Amino acid sequence: MTRGQMRTRLRARIQEVVADQFQDTDLNELLNLALQFMQTAIMAVDPAAFIFTYQTDIIADEPFYPKPAGFSYEIALRLLDPTSGKYRKPLERTDYNRTFEDMQNDGSQSGADGSQVEYAHYGVQFYLSPTPTISVPAGLQCECQTALVMAADTDVPDINLNLHMGIVYQAQILAMGETGEGSKEAADALALLVNRIPSWYQRSAATPISLQPDIDYVNKGY
C-alpha cells in the first residue's frame, strides 16, 4: 500500500473519514511513527533487513561528513579507491578525542592506499582521520541502518507487503490511545501480524544445516 492508501484505511478505522480532529499531516506523522515501530519489530527478527548504502563526495581538507538522514548506526564505512573504482575494506572506528589529539601532536597522514584512515563519531557527523588531502567524487560509502520514512502519498514503505496493515493498526493505536474497544481490536490484530514476522523475515537466508548422525560413533556404543 501507498501512504495515501494507508491514510484512507486509517481514517476509516478511527471513524473520521472527513478530517476533524486529525488533519492529513497528523495522520501522516502517525503513519511514519507506526512504520518505524514495524521496522524495529522486523529488525528484532532480521537485524540486516534494512541496510542501506549511501555515498558522499570526499572533499580535500574536510574531515567532517554528515550522517545520512534518519541514521541509526553504521555497518561499515569505506573509502573509494580512485584507481580501481572499488570501495576498500571497512575503516576502523576510533575515539574522536584520541584521534583528534593524535593528529594535533604528530600530524600523521595516511598512505596512498588509505590503509591508515580511521573514523569517529562526532554528533551528527563522521570524522575522518587523517583529513583527506584530495577530493574524490562519491569517495565515502556508508552502509548503515536508517529509520524508514514515507514522505509522499505515493511512497510505498520498504517492508513486506503482508505486514503493511501493521502500520495502519499501530497508527490507529497511537491516534486513539490505549483505551477503547477500537484500540484493543487493533492491538490484537497488530500482535498477530508481529508474531508472523518470522514468516516473511529470517535472520539468515542461508540453507539450514541438517544434523547428520555419526554412524561410526553410534556403532562403537558411545
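Predicted model: local features only at pLDDT ≥ 70, side-chain atom pairs only at ≥ 80, totals over all residues.
View 1. How accessible is Ile75? Its relative accessibility is 42%, so Ile75 counts as partly exposed, since that value falls between the 20% limit for buried and the 50% limit for exposed.

**View 2. Helix α1 has a buried face.** Let's move to α1, which covers residues 3-13. Its buried residues are Arg3, Gly4, Met6, Arg7, Leu10 and Arg11. Where do these buried residues fall when you look down the axis of α1? They stay within an arc of 155 degrees, so they line one face of the helix. And what covers them? The cover includes α2 (24-45) and α4 (164-176). Just after α1 ends, look for Gln15, which takes a positive phi of about 55 degrees.

**View 3. Arg7 and Asp24 pair up between two helices.** Here the two side chains form a salt bridge, and their closest N and O atoms are 3.4 Å apart. This pair links distant parts of the chain, with Arg7 in helix α1 and Asp24 in helix α2, 17 residues apart. Are the two partners buried or exposed? Arg7 has a relative accessible area of 10%, so Arg7 is buried. Asp24 comes out at 35%, so Asp24 counts as partly exposed.

View 4. Glu185 is partly exposed, with a relative accessible area of 38%. Arg13 is partly exposed too, with 25%.

View 5. Lys184 has a relative accessible area of 47% and is partly exposed, while Asp188 is partly exposed with 45%. Elsewhere, salt bridges that share partners tie Arg3, Arg7, Arg11, Glu16, Asp24 and Asp153 into one network. The count for the model comes to 9 salt bridges.

**View 6. The largest nonpolar core holds 32 residues.** Which of its residues touch the most other members? Those are Ile159, Leu163, Ile167 and Tyr201. Helices α1, α2, α4 and α5 each supply at least two residues of this core, and the largest share, 9 residues, comes from α2. Zoom in on Ile167: leaving aside neighbours within four places in sequence, Ile167 is in contact with Met6, Leu31, Ala34, Leu35, Met38, Pro157 and Ile159. Apart from this core lies another one, made of 15 residues, among them Leu77, Leu79, Leu80 and Leu140.

Conventions
Residues numbered from 1 in each chain as written. Heavy atoms only, no water. Buried < 20%, exposed > 50% of the residue type's maximum accessible area, 1.4 Å probe, protein only. Helix = DSSP H or I, 4+ residues; strand = E, 2+ residues; numbered from the N terminus. Arc of directions from axis to C-beta. Contact = heavy atoms within 4.5 Å. Salt bridge = Lys/Arg side-chain N within 4 Å of Asp/Glu carboxyl O. Core = buried A, V, L, I, M, F, W, Y, C linked by side-chain atoms within 4.5 Å.
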